[in-house]
Amino acid sequence: MCSSDLHHPFASMFGGGMPMGFGGGGFQRQRQRPRQSQPGELKIGTAVVIRGLQSAAQHNHKKGKVSKYDPSKGRYTIKLDDGESLSIKRENLQQLVPNCRLEGLASKPELNGKPCALLGFNAKAGRYAVAVGATATPMSVKPANLRLPEGTSVQIHGLQSAAAQALNGTYGTVRRFDDTAGRYVVHHSAGDKKLKPENIVA
């Protein structure tokens, strides 16, 4: 993971869905069953920022949305805001997550319970960049102070036990947060895992 030089606001990135239309006609066509998404897979329409590209660095920091995923190649097709489409690996995408919530802030308790949008993650500092409100300056918060919503794609990292280390670097999807345990329940290909906030990165 690396930090992203992200710019705000991103309000336009989160609005709207992907319209679905149904064609007319007097008969039904047999349709191919859609592929079932895998744990940790970014959803179609997810807003992202491109980061960490080496051979195509000119695209770093550009914003777009996921339009397709090819599991055989492990790459996402990203429709950029300028209309161009690129095929990008997951590790070169920072998802922008709306509907997060701030919790347990001691320095700014007035913000606890407030909704916010996740803009990026600074791996060196171990903190998220989030924005509260449409025009607010992004602030830096620890993973323990940010509640990720259900359906967020996360990467697992920092697990120390020999049995769990194989999960580091893999992806899963947040099911919910267990307040009693203080851990996220993450849907993973190896089964649901209960993980501390500091052991996942969105």
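Does C100 count as buried or exposed, and at what relative accessibility? C100 counts as buried, because its relative accessibility is 2% and buried means under 20%. Keep in mind that this is a predicted model.

A disulfide is a covalent bond between the sulfur atoms of two cysteines. The cut-off for a disulfide is 2.5 Å. C116 is therefore in no disulfide. The structure as a whole holds zero disulfides.

| Cysteine | Relative accessibility | State |
|---|---|---|
| C100 | 2% | buried |

**The overall build**

The protein has one helix and 15 strands. Of its 202 residues, 39% are buried. Its accessible surface comes to about 12000 Å². Carbon and sulfur atoms account for 48% of that surface. Now take the contacts between residues at least 6 apart in sequence. Of these, 47% join residues at least 24 apart.

**The nonpolar cores**

The largest nonpolar core has 27 residues. Those with the most contacts inside this core are L102, Y128, L146, L148 and I200. Several strands give two or more residues to the core, among them β6 (97-102), β7 (115-122) and β8 (127-131).

Leaving aside neighbours within four places in sequence, Y128 is in contact with residues including L118, F121, M139 and V141. Its contacts also include L146, L148 and I200, which are themselves listed with Y128 among the residues with the most contacts inside the core.

There is also a second, separate core. This one has 13 residues, including L42, V48, I50 and V66.

**Aromatic rings**

The structure holds three aromatic pairs. One of them joins Y69 and Y76. A pair of aromatic rings is described by the distance of the centres and the angle of the planes.

Another ring meets a charge. The charged end of R147 sits over the ring of F177, 3.9 Å from the ring centre.

Key:
Residues are numbered from 1 along each chain as its sequence is written. This is a predicted model: local features need pLDDT of at least 70, side-chain atom pairs count only at pLDDT 80 or more; totals for chains, interfaces and linings use all residues. Side-chain values use heavy atoms; hydrogens and water are left out. Buried means under 20% relative accessible area, exposed over 50%, partly exposed in between (1.4 Å probe, protein chains only). Rings of Phe, Tyr and Trp (its six-membered ring) pair if their centres lie within 6.5 Å; planes under 30 degrees apart count as stacked, over 60 as edge-to-face and the rest as tilted. A charge sits over a ring if NZ of Lys or CZ of Arg is within 6 Å of the ring centre and within 35 degrees of the ring normal. A nonpolar core is a set of buried Ala, Val, Leu, Ile, Met, Phe, Trp, Tyr and Cys residues joined through side-chain atoms within 4.5 Å. Helices (H or I, at least four residues) and strands (E, at least two) are DSSP runs, numbered from the N terminus. Contact means heavy atoms within 4.5 Å. Accessible areas come from the Shrake-Rupley method with a 1.4 Å probe; for residues, only the protein chains shown count as cover.
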